[in-house]
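Please read the following briefing alongside the sequence and the structure.

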Amino acid sequence: MDSLLQGFIQAFKLILHLDQTLFGIIFLSLKVSGSALLIATAFGLPVGALLGLKRFPGRDLAISSVNTLMGLPPVVVGLFVYLLLSRKGPLGFMGLLYSPTAMVVAQTILALPIVSALCHTAIVNIDPIIRLSARTLGATPGQETIAVIREARYGIFSAVIAAFGRVMAEVGSILIVGGNIAGYTRVMTTTIALETDKGNFELALALGIILLAISFVINAVLHGVQKKGAVKTG
Amino acid sequence: MKLHIAHIRKDYNGKPVLKDCSYAFKGSGTYVLMGPNGCGKSTLLRICSLLEEPDGGALLFQENGAPLIRDLALRRRMTLVLPRTGVFNTTAFNNAAYGLKVRGIDGNLLKREVDRALDFVGLAHKSGQNALTLSSGETQRLGIARALAIAPEILFLDEPTASVDEENTAIIESIIGDLKKESRTMVIMTTHDKDQAARLADTLLFMTEGRVEEQKP
C-alpha cells in the first residue's frame with residue numbers, strides 16, 4: 001500500500017517537472033494518433049457518407065463488414081502491418097518497420113472502421129427531409145450531400161473523437177510495428193507496459209495519469225459537443 | 001412561366017395515385033388544390049416542382065409560347081414548401097440563405113434578399129436564433145421565407161397551415177395574400193381548410209380519384 005502511495009507521489013512530481021523524455025513520449029503519442037486520425041477521417045467520412053446516402057448492391061454487406069471491423073483486435077492489426085512491412089513482406093523495401101510511420105499505418109487501420117461506421121450512423125440518422133428540403137431549394141445532388149453531412153456534423157465529430165480515444169489507448173499494434181524504441185517509437189502506452197514490466201511504477205503511473213487526463217479532456221469535449229448538437233425544438 | 005400537365009400518371013408500389021391529371025396553370029394567381037387525404041395532392045405538387053418524375057404523361061413549362069428545357073436552371077425558378085419544414089441546424093438567417101448560397105449568391109445581395117424574406121414573414125427579429133428553437137408556426141414561416149428568398153416564379157405550398165395554430169395560420173394567409181399583391185409569383189397550394197381555400201384562391205381545384213378538376217365558384 002505504501003509503495004502505491006509513494007508511486008503516486010513520485011508520479012505527480014514527474015508530471016509537475018515534465019522532463020524532456022516524458023514530454024517527448026507524450027508528444028509522439030499525440031503525433032502518431034493524431035496523424036492516424038486525420039488520415040482515417042479523410043477516408044472514413046466519404047465512406048460513411050457513401051454508406052449512408054447511396055443505395056448500391058452489396059451495401060448491407062459493406063455496412064456489416066465495417067461494423068465488424070470496428071472491433072479489430074489491435075494485436076492482429078499489428079501482426080498484419082508487421083508482415084506487410086517486415087523485410088520479407090511486400091512493402092519491406094520501404095524500410096518502415098519500427099518507425100513512427102508504421103505506427104501511424106497500424107492506427108489508421110484501427111481508426112478507419114470506427115470513423116466510417118460512426119459517420120455512417122450519424123449521416124443515416126439525419127431526417128431524410130433535410131435532403132429533400134435542400135433539393136426543393138435548388139441544390140444539386142452534390143450540394144444535397146453536403147447539406148446532409150453538415151447536419152450530421154456533431155455526430156461526425158463524435159465519431160472522430162471516439163476513434164481518437166481508441167487509438168490513443170491502444171498498445172498492441174504499435175508495440176508490434178513500432179518496437180518501443182526509446183526516443184524514437186516509444187509512446188505513452190508502450191512505456192507504461194515496459195516500465196510496469198521493469199517494476200518502475202512511478203513513470204508508468206505518471207503516464208497512466210496523463211493518459212487518463214487526456215482521455216478525460218477528450219470525453220469532456222465530446223460531451224460538450226453532443227450537448228450543443230442536441231438543440232431541439234421546445 | 002406557364003405550366004401544362006397532361007395525363008400525368010404516378011404509381012406507388014403498383015397502387016395508382018395519380019391516374020390522369022391534366023391542367024393548364026396560366027402563370028399567375030393563386031391556385032388552391034383540395035381533396036381528401038391520400039388523393040395525390042402532395043404527389044402532384046412534387047411532380048410539378050420537378051422533385052419527382054411521373055410514370056406517364058407530360059409536363060410542359062412554357063415561356064412566351066416556347067417550351068423550356070427541364071434542367072437544374074428551370075428547377076431553380078420554382079420551389080416547394082413542404083408540409084413539415086426540414087430545418088437546418090443553424091440560424092434562421094442561414095436557413096433562409098440556403099437557396100441563394102447553392103446558387104452561388106453571397107455578400108450584400110445575399111444579405112439583402114435574406115433580410116427581405118425574413119421580414120416578409122415577420123421573422124426579422126429571429127434572424128440570429130437557431131432555427132431548431134423556433135415554434136412550429138415560426139418554423140413553417142421560416143420554410144416560406146427560405147422559399148421566398150430565391151424569388152421563385154412558381155411557389156408550391158403543400159399544406160402550409162396544417163400543423164400551426166390559428167394565429168400563425170392567419171399570418172401565413174396574409175403572407176400568401178401579400179404575395180398575390182406582388183403578383184410576380186404563381187402560387188399553387190394544397191389545403192384541407194375550405195374557408196381558407198375560399199379566402200385565398202383565384203382558382204379552386206379539386207382532386208378526386210387521381211384527377212384534377214376546376215371548381216366553379
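**Hairpin and sheet of chain B**

- T208(B) has R211(B) in β10(B) as its bridge partner, and L205(B) stands opposite E214(B) of β10(B).
- Strands β9 (residues 203-208) and β10 (residues 211-215) of chain B pair in the antiparallel sense over five bridges; two strands are taken to pair if DSSP finds at least two bridges between them.
- Two residues lie between the strands in the hairpin of β9(B) and β10(B), where E209(B) takes a positive phi near 50°.
- The model is a predicted one, in which local features need pLDDT of at least 70 and side-chain atom pairs count only at pLDDT 80 or more, while totals for chains, interfaces and linings use all residues. Residues are numbered from 1 along each chain as its sequence is written, with chains lettered from A and ligands numbered from 1 in the order in which they are written.
- In chain B, six strands form an open sheet of mixed pairing, in the order β6-β7-β8-β3-β9-β10.
- β6 (78-81) and β10 of chain B are at the edges with a single partner strand each, so one side of each is left without a neighbour in the sheet.
- On average, neighbouring strands of this sheet are turned by 20° against each other, direction ignored.

**Chain B overall**

- Chain B has seven helices and ten strands; these are DSSP runs numbered from the N terminus, helices being H or I of at least four residues and strands E of at least two.
- The radius of gyration of chain B is 17 Å, which agrees with the value near 17 Å for a compact globule of 217 residues; the radius is taken over C-alpha atoms, and the globule rule is 2.2 Å times the number of residues to the power 0.38.
- Taken along the principal axes, the C-alpha atoms of chain B fill a box of roughly 45 × 40 × 35 Å.

**Helix packing in chain A: α2 and α8**

- The axes of α2 (residues 20-53) and α8 (residues 153-169) of chain A come within 10 Å and cross at roughly 140°; axes are lines fitted to C-alpha atoms, for helices over the stretch in contact, and angles run from 0 to 180 degrees between N-to-C directions.
- That angle makes α2(A) oblique to α8(A) (under 35 degrees counts as roughly parallel, over 145 as roughly antiparallel, 65 to 115 as roughly perpendicular and the rest as oblique).
- The crossing of α2(A) with α8(A) is right-handed, meaning that the near helix is turned clockwise from the far one by less than a right angle.
- S29(A), S33(A), A36(A), L37(A), A40(A), T41(A) and L45(A) of α2(A) meet I156(A), V160(A), A163(A), F164(A), V167(A) and M168(A) of α8(A); contact requires C-beta atoms, placed from the backbone, to lie within 7 Å.
- This contact of α2(A) with α8(A) has ten nonpolar, three polar and no charged residues (Ala, Val, Leu, Ile, Met, Phe, Trp, Tyr, Cys and Pro count as nonpolar, Asp, Glu, Lys and Arg as charged, and the others, Gly among them, as polar).

**Helix packing in chain A: α6 and α7**

- α6 (residues 128-136) and α7 (residues 141-151) of chain A have axes that come within 9 Å and cross at roughly 140°, which makes α6(A) oblique to α7(A).
- α6(A) passes α7(A) in a right-handed crossing.
- I130(A), R131(A), A134(A) and R135(A) of α6(A) make the contact with Q143(A), E144(A), A147(A), V148(A) and E151(A) of α7(A).
- The residues of the contact of α6(A) with α7(A) comprise four nonpolar, one polar and four charged.

**Contact between the chains**

- 18 residues of chain A are in contact with 22 residues of chain B.
- α6 and α7 of chain A each supply at least two residues of the side of chain A that touches chain B, and α6(A) gives the most, with six residues.
- The residues on that side of chain A divide into seven nonpolar, seven polar and four charged.

Note on methods:
Contact = placed C-beta atoms within 7 Å.
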